[in-house]
Every structure is written in C-alpha cells, then in structure tokens.
Amino acid sequence: MAQPVLLVEDSRAVRSFVSSILESAGDYDVHEVENGFEALRALPRTDFALIVTDVNMPDVNGIELTRFVRGQAKFADIPVLVISTDASHPDTKRALEAGANAFLAKPFTAEQFLEAVARVRGGE
Amino acid sequence: MSEPPKPSAEFLSEAQEVIEAFSRNLLQLDTQQRTGEFDPDLLNAAFRAIHSLKGLAGLFGATQISSLAHALESTLDSLRLGRLPLSQPALDVLFEAVEVFQNMLAVFGLEETEGAVSADPLLHRIAALSPDAEEEDGAGDIVGLDPAILGVLTEYEEHRLRENVRLGRRLYRVHAAFDLLAIDVGIESLKGKLKEFGEVITYLPSADAGSDDRIELDILLGSEATLAAIGAGVAEDGVRVYALGDSPSDAPEARPGPPVVEPSNPTPVPSVSLTADDGIEMVDASTSMSLRSISQTVRVDLERLDVLMNLVGELALVQANLSGTLESVRALARSADVSRELQTHLRTMDRKLSLLQQSILDVRMVPLGQVFDKLARVVRKLGREAGKDIRLVITGADTELDKLIVEELSDPLMHMIRNCIDHGIETEAERTSLGKGPSGHIELRAFQKGNRVVIEVEDDGRGMDWRLIRDKAVERGVVAESESREMARQEVIDLIFVPGFSTKDVATEVSGRGVGMDVVKTNIARLSGLIDVDTAPGRGSKFSITLPVTLAIIQALVIETARQTFCIPLNSVLESIMVSEADIETVEGHEVVSLRGKTLPILHLSRIFELQTNYRYLDPARIYVVIVGLAQHRVGIVVDELLGQQDVVIKPLGRALRGVPGIAGATELGGGRTVLLLDVSVLVEEALGRSDGGPTDSGPAASSVNGSEAAHA
C-alpha cells in the first residue's frame with residue numbers, strides 16, 4: 001500500500017521536485033501543502049508515514065509544526081524530516097530540539113534526500 | 001538520478017514570481033521608509049522571498065543566483081533582526097539586486113552563459129553594508145517567557161518579541177480554537193482584527209488540541225492597547241485574551257517573571273473569558289475549501305494557447321462549411337424539418353464557439369501590475385539619480401491585457417517615464433520657487449474602456465509650450481513656416497511624435513518630453529494602439545495610450561482589390577468613403593483626395609504588392625477608400641469591394657511571406673481560403689514617407705468628396 005507523506009513547503013518548484021523524487025523512488029503518496037496551517041488541516045485526515053517540512057514559513061513555522069506533532073499522542077510517532085537551506089542557522093537547531101528526526105540542507109540530490117528519508121524512517 | 005533537475009519552466013516561473021514579490025515588498029518599504037516607520041512584516045517577507053529563492057536556485061543548479069541570494073539573505077537577516085538600519089543606500093542595493101536577479105534569470109539555461117551577468121559589483125556593495133549592532137541580549141530575562149516557548153520561535157520571531165518589549169508594548173496571548181476545515185478563513189479574520197492592535201508575533205498550535213476537527217492556537221501579540229480593549233475588539237470571535245506577566249510598563253525590572261505562556265493551561269494572570277463558547281465563529285463547513293492546495297493558478301505556455309486558438313479558428317471554418325451545407329439542404333424541397341433542425345444546432349454551435357474563443361482569450365490576459373512594478377523601480381532609481389523626490393501613484397494595476405501586449409508595452413512606458421523624470425519634473429529648488437511643492441508627482445493609471453484599455457502617464461512637471469514646439473519644428477524643417485502658422489494647437493503638440501523633431505536638445509530647450517517619442521509612437525502603433533498627449537506649460541503633461549485588449553483575434557474588414565482579398569484590422573479603420581476618379585488629385589506626384597478640408601494621401605495595394613501592372617478601377621464612378629489611422633496619421637486605401645466584417649484568428653506567416661513589408665499575418669476565411677492581413681502601421685509610414693508629412697489644409701476642395709460614407713462601428 002502506498003505510504004502517505006505530508007510535504008510542507010512554500011515553494012511550488014521545490015514541492016514538485018521532492019514529490020517526483022518520492023514518487024519515482026517507490027510507493028509514496030505525497031500530499032503537498034504550502035504552509036503550516038494547511039499542514040494542520042491535513043494531519044488528522046490521513047495516517048501519515050512521514051512529514052517533510054520546510055522551517056521558514058509565515059505564521060506557523062516548521063519548528064512550531066514539529067512541536068505540535070510531537071505533543072499530540074496520535075501524531076507523536078510520525079518521523080519528521082526538516083529541509084532548509086542553512087545547517088548552521090539557529091532555526092535548524094531549534095527544529096531538531098522541537099523533535100524533528102533529521103535535517104537535510106538544500107540543495108540536495110535525489111539520493112541524498114532518499115537516504116535521509118530512509119534514516120528517519122529506520123526506526124520502524 | 002543524482003543530477004539536479006533540469007532548469008525547468010517551473011523553476012523559472014517561480015523564481016520570477018519570487019523576485020517580483022520581493023520587488024513589491026521593496027517598493028512598499030521604500031515608501032514607508034521615507035515617511036518614517038515601516039512595517040516589520042514587509043522586511044520579513046522580503047527576507048523570506050530571498051531565502052526561498054536561495055533554496056530554489058540551489059536545487060535547480062542555478063548556482064550564481066543561489067550565491068547572490070545567499071549574500072543578500074545575510075543582509076536581509078541583519079536588517080530584519082535590527083542589526084542593520086534600513087536606509088536608502090541599503091534599499092538601493094536591494095533594488096539593484098532585483099535587476100541583477102532578473103538579468104541572471106534571463107540568461108539562465110542558455111548554453112555557456114553562466115557568468116554572463118556579473119554580480120561582483122553588487123556583491124561588493126552588499127559586503128559594504130556590514131551590520132553595526134551586536135547580538136541581542138541573552139535569553140528570557142527580558143520577557144520572562146517560558147523558555148519552551150522561546151525555543152519554538154524562529155530567531156526572527158524571538159527578535160520581534162524582544163523588539164515589542166523594547167518599544168514598551170505589552171505582550172498578550174490570544175487563545176483561539178478553529179474548525180480545521182475553515183482554519184485559513186478564521187485565522188485571516190482574526191489576524192486582521194489583531195493587527196489593528198499591534199503586531200502578531202507568531203502562532204503556536206496547542207499540543208493538546210481535542211478532536212480531529214478542531215485545533216487550538218495561541219497567538220502571541222505585542223500591543224500598546226489594554227487587555228480590555230483587545231478583548232472587546234475580538235469579542236465576537238469568541239477568543240480569549242491573556243496578558244503576559246512582566247509587561248514592562250507595570251513591572252518592576254528586578255522581578256523575575258513567572259513562566260506565563262503555558263498553552264495547555266490558561267495562566268493565572270488576569271484573563272477575560274469573553275464568551276462561553278471558545279470557538280471562533282465559523283464559516284459553514286460546506287463552503288470551505290478542500291484539503292488540496294489553495295493555489296488556483298496553472299501556468300500555461302502561450303504556444304499551447306495558440307494551438308487551442310487555431311483549433312477554434314478551424315472549428316469556425318468547419319461551422320462555416322456546415323452553414324454552406326445547410327443552404328444546399330434547404331434547396332431540397334422536402335427537407336424543411338431537417339434544415340430547421342440543422343439550423344438550430346448550428347446556432348447553438350456558433351454560440352458555444354464564441355464562448356470557447358472568449359475563454360481562451362481570457363486565459364491569455366495578465367494584469368498590468370507586472371510592468372507597473374518595474375516602472376516603480378525605475379522611478380525610484382532615476383529620481384534618486386537626478387536628485388528629485390518623486391511620488392508615483394499607480395491605479396488600475398489589476399487591469400488586464402494580452403500577455404504579448406503587456407510585454408511589448410514595457411519599453412515604451414519605460415521611455416515615457418524616463419522622459420518624465422529627466423525633462424518633465426523640475427528640480428526641487430525650481431518647484432519650490434514656482435510654489436509647486438518640492439516633490440514631483442507621476443501618476444500611472446490603467447483602466448478598461450469598452451473593449452480597449454487606456455493607460456495614462458501624467459506628471460505635474462514643466463509641461464510643453466506649443467509655441468516653442470512650433471518654432472523648433474520650423475527650425476528643424478519638420479514643417480514649413482507657412483504651414484505651421486495654420487496649424488491648430490493640438491496639431492503642433494502632436495509634432496513631438498514626428499521623427500526628426502524629437503531630439504534631445506530640442507527636448508531640453510522646450511523643456512518638454514519629446515525625446516524619442518517617435519519611437520514610442522511606432523511601438524504603440526505596432527500594437528494597434530493610439531497615443532495622445534495633452535500638455536500645458538507649468539502644469540505638466542498627460543500621455544494616453546489606447547490599446548486593444550488582445551491581438552490574437554481581431555475584427556477585420558475584408559476587402560478586395562485587383563482580384564485579391566485582404567483583411568484590414570478594424571481597429572485601425574476609421575471610416576470608408578466613396579469617391580469618383582475625378583476626386584483623386586495628384587499633388588507633387590502623389591495621389592490625394594480631399595476629406596473635410598484636409599488632403600488625405602491614398603495608396604493602391606495593387607502597386608505596393610505589385611499585383612497588377614495596369615490596374616484599373618472597377619468602376620471609376622464608385623471607388624471605395626478605406627481610411628485607416630494609426631497614432632495621429634490618416635491614410636486612405638483604395639479598394640474595389642468591401643466584403644464585410646469578420647472575426648479573424650491571426651496566424652503567423654509562412655517563410656515565403658515573412659518579412660514582406662505591409663503584411664502582418666495571415667488568416668483563413670470560410671471555404672479554406674487563406675487571406676493576408678495588412679500591417680497598417682507599415683502602410684501608413686509608407687504613404688507618409690512618400691507624401692512627406694501628415695494631413696495638411698487644402699481649403700475649399702473639401703466639397704469635391706462624394707459624401708457617401710460607410711461607418712464601421
């Protein structure tokens with residue numbers, strides 16, 4: 001059965017890039033949303049196997065989204081992969097502290113992305 | 001799969017959008033910066049745009065764009081974190097970056113072009129803007145917030161929190177619950193209300209939200225208003241507001257702040273429960289949108305639309321053929337029922353075809369805002385270079401035109417704005433001495449008028465003195481002195497559009513804006529547009545450009561001459577008149593007719609296209625002359641027959657005809673006939689080139705024109 005993935009990213013081109021990696025790599029059904037609020041709406045509707053999120057978004061940012069997911073019993077076990085441009089930025093550290101499983105810096109290749117996905121899903 | 005994805009159209013279009021959004025943010029910031037305070041949200045949006053661009057460009061292998069964005073991102077980060085003041089020189093650098101990014105995008109994806117646009121000078125200027133303030137003070141001691149809360153704020157949000165405290169605002173926690181399906185609508189409404197009170201710092205989703213359908217949020221708000229005032233402001237939304245502990249105005253500085261934000265537990269600080277129901281008033285779930293992305297736009301390549309448009313054109317031909325068949329069926333005596341039925345179907349098909357055609361045209365429409373934003377940047381840049389403070393007012397940026405027209409408009413408008421700033425608007429000192437107020441004003445307006453769009457460029461500068469224009473025109477030999485004395489004021493002003501008049505020294509001397517206006521006129525004419533000018537010395541000038549909404553499909557007048565059929569774009573046809581051979585006079589070797597007191601040069605398509613060596617009028621007593629006009633020029637085209645009006649889809653010419661002057665394209669009429677469409681601007685130029693100038697007065701000869709006029713309204 002296809003694994004549902006929630007992809008939260010405000011760039012349309014990046015969303016379609018990531019979706020195409022996941023969809024061509026295997027059995028993933030990618031739900032694309034472009035901001036934190038849409039992510040909050042999508043979460044309860046589907047049993048997601050993975051969340052991939054950007055950090056820097058208006059209103060509900062990726063750190064807040066991660067914290068929310070970790071704080072809810074029914075979402076707490078969903079692996080969260082954070083994608084952002086800057087590994088050294090304080091926001092990256094905060095996302096990991098809020099409970100993100102891994103961080104992947106943009107730009108990344110398809111292999112690097114799939115490796116990171118495998119890593120965060122490894123715990124299952 | 002390890003290669004970066006291809007430089008897709010998707011990347012280019014999104015990068016373009018991001019840069020345009022960035023530019024709009026800058027323009028707003030620029031205006032606000034000059035008048036005092038600016039909205040920190042705008043600066044943050046500018047940062048986010050460049051941050052997104054960096055990530056986007058990196059993924060798609062646009063390394064040059066990505067590294068420039070990286071450098072700029074640090075500067076914007078310092079700006080939004082208050083480590084670098086937002087100044088006009090800083091804005092200069094940011095505006096320059098918009099141009100550099102656009103140049104980089106323009107060459108991206110072309111072979112061997114990496115490095116064609118140099119970012120070095122800009123990078124040096126970015127580096128020169130080094131932050132002058134130190135890092136902010138350490139952790140939660142100022143605000144007394146729960147460190148767990150500070151931990152989920154981004155660095156920027158934390159900065160805004162501190163900044164609000166520094167400005168002496170109180171901090172509030174606004175607790176709201178939303179129906180998940182309508183959260184975006186609810187949030188927008190609440191955000192709008194809260195923004196009236198101060199700054200929304202962030203939204204924290206509550207970790208202990210109850211059901212699947214609802215979500216609770218805590219909103220951090222910095223405001224000068226009292227708890228009661230904010231409470232009353234959001235009362236109808238059923239939201240609870242809590243003041244956060246140590247707001248600076250009422251707390252002694254040494255007191256350690258209690259951890260006051262605990263989203264799972266309303267704090268014991270004074271709180272108001274505004275309604276029993278803590279849910280915000282919701283839009284009916286049935287009207288809310290789906291879970292899928294809220295973006296409603298799809299980008300389509302114009303070529304694909306052209307394919308659709310051609311198909312519609314071909315369908316129209318099929319329909320015309322069917323109508324022909326209907327006539328044949330009618331001729332069969334016993335088929336009355338069948339032919340009636342067929343006619344009904346044909347009529348329905350006709351209506352649907354028109355709708356289809358209109359829908360495709362609508363898709364091609366884009367707002368003028370894109371071009372206007374670009375002009376706004378130019379106004380700012382040139383104004384600063386010329387040391388003039390210029391206020392630009394834009395209205396009607398959402399007016400839509402065919403994308404191709406919008407693109408072609410950019411150069412002429414740019415040129416007009418440039419003239420406006422260089423020659424039209426006076427220096428500050430000059431304006432003050434004239435009692436005009438130090439800032440110059442330029443207004444850029446667009447509006448729809450019937451099936452045309454009007455764009456106006458108006459300034460309150462020097463304006464042009466028509467007497468000076470007349471003297472200069474005579475001096476330069478554009479008109480004869482005797483002729484010039486008989487010209488009306490407006491005719492004289494229109495001379496600024498004549499090639500040879502508009503040179504730089506003339507423009508400066510008549511303190512007007514005539515530089516290169518002939519080129520502007522030609523560009524506008526190529527878009528089947530008209531340009532008019534209204535000006536008064538000391539008061540300024542107003543240029544009005546009138547354009548068709550689209551060029552893809554036009555109404556055409558179908559004519560026949562020398563046994564050939566041609567189409568003339570109806571929007572350049574002013575009227576058709578009928579003359580007799582005797583009305584045609586020859587003045588200095590050129591054929592003219594007189595029309596209401598003016599001589600009108602006429603031309604024969606048979607000669608221009610060398611159709612017949614010895615063309616003769618079909619009926620020397622009944623010669624049709626179609627009068628076409630472009631910008632302020634008029635020319636008559638001699639035709640044998642007027643066949644009627646028709647909507648035609650313009651198709652590009654085949655190789656053999658491409659480059660034939662006077663032919664703009666081809667189209668198909670019923671029966672599969674290909675017919676050429678005349679390029680009126682070229683024909684007008686041709687005729688005027690021959691007859692040396694526009695319409696001139698020829699006195700009483702006007703009565704010789706046979707009065708039968710056929711209007712084409």
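This report walks through a predicted model with chains A and B, from whole chains down to single residues.

Residues are numbered from 1 along each chain as its sequence is written, while chains are lettered from A and ligands numbered from 1 in the order in which they are written. Because the model is predicted, local features need pLDDT of at least 70 and side-chain atom pairs count only at pLDDT 80 or more, whereas totals for chains, interfaces and linings use all residues.

## The two chains

Chain A has 5 helices and 5 strands, and its pattern along the sequence reads β-α-β-α-β-α-β-α-β-α. Chain B has 21 helices and 24 strands. Helices (H or I, at least four residues) and strands (E, at least two) are DSSP runs, numbered from the N terminus.

The table sets out burial in each chain. A residue is buried if 20 or more other C-beta atoms lie within 10 Å of its own, exposed if 12 or fewer, and partly exposed in between, with C-beta atoms placed from the backbone.

| Chain | Residues | Buried share |
|---|---|---|
| Chain A | 124 residues | 53% buried |
| Chain B | 713 residues | 39% buried |

Contacts tell you how the sequence folds back on itself. Two residues are in contact if their C-beta atoms, placed from the backbone, lie within 7 Å. Among contacts in chain A between residues at least 6 apart in sequence, 58% join residues at least 24 apart. In chain B, 71% of the contacts with a separation of 6 or more come from residues 24 or more positions apart.

## A sheet in chain B

Next, have a look at an open sheet of 5 strands in chain B, with the order β7-β9-β10-β12-β11 and mixed pairing. Strands β7 (390-395) and β11 (530-536) of chain B stand at the edges with a single partner strand each, so one side of each has no neighbour in the sheet. From one strand to the next, the twist averages 10°. Two strands pair if DSSP finds at least two bridges between them.

Strand β12 (residues 540-548) of chain B runs antiparallel to β11(B), and 7 bridges join them. Within this pairing, V533(B) has F543(B) as its bridge partner, and T535(B) has S541(B). The two strands, β11(B) and β12(B), form a hairpin with 3 residues between them, and G538(B) in the turn has a positive phi of about 85°. On β10(B), pairing with β12(B) is antiparallel over 7 bridges; here R452(B) stands opposite P548(B).

Helix α12 (residues 369-385) of chain B touches β7 and β9 (440-449) of chain B, and its direction makes about 170° with that of β7(B). Helix α13 (residues 403-424) of chain B touches β7, β9, β10 (452-459) and β12 of chain B, with its direction at about 20° to that of β10(B). For such values, axes are lines fitted to C-alpha atoms, for helices over the stretch in contact, and angles run from 0 to 180 degrees between N-to-C directions.

## Two helix pairs

In chain B, the axes of helix α1 (residues 9-35) and helix α4 (residues 88-107) come within 10 Å and cross at roughly 165°. The helices α1(B) and α4(B) are therefore roughly antiparallel. Residues that meet there include L12(B), I19(B) and F22(B) in α1(B), and L91(B), F95(B) and F101(B) in α4(B). The residues of this contact divide into 12 nonpolar, 4 polar and 1 charged.

In chain A, the axes of α3(A) and α4(A) come within 8 Å and cross at roughly 5°, so these helices are roughly parallel. Angles under 35 degrees count as roughly parallel, over 145 as roughly antiparallel, 65 to 115 as roughly perpendicular and the rest as oblique. G62(A), I63(A) and T66(A) of α3(A) make the contact with D91(A), R94(A) and A95(A) of α4(A).

## One residue up close

Y172(B) is found in strand β1 (residues 170-179) of chain B. This residue, Y172(B), is buried because 25 other C-beta atoms lie within 10 Å. The C-alpha atoms of Y172(B) and G222(B) are separated by 6.3 Å, although the two residues are 50 residues apart along the chain.

## Where the chains meet

The contact between the chains takes 38 residues from chain A and 36 residues from chain B. On chain A, the elements that each supply at least two residues include α1 (12-25), β2 (28-33) and α5 (110-121). The chain A side divides into 16 nonpolar, 8 polar and 14 charged residues. Ala, Val, Leu, Ile, Met, Phe, Trp, Tyr, Cys and Pro count as nonpolar, Asp, Glu, Lys and Arg as charged, and the others, Gly among them, as polar.
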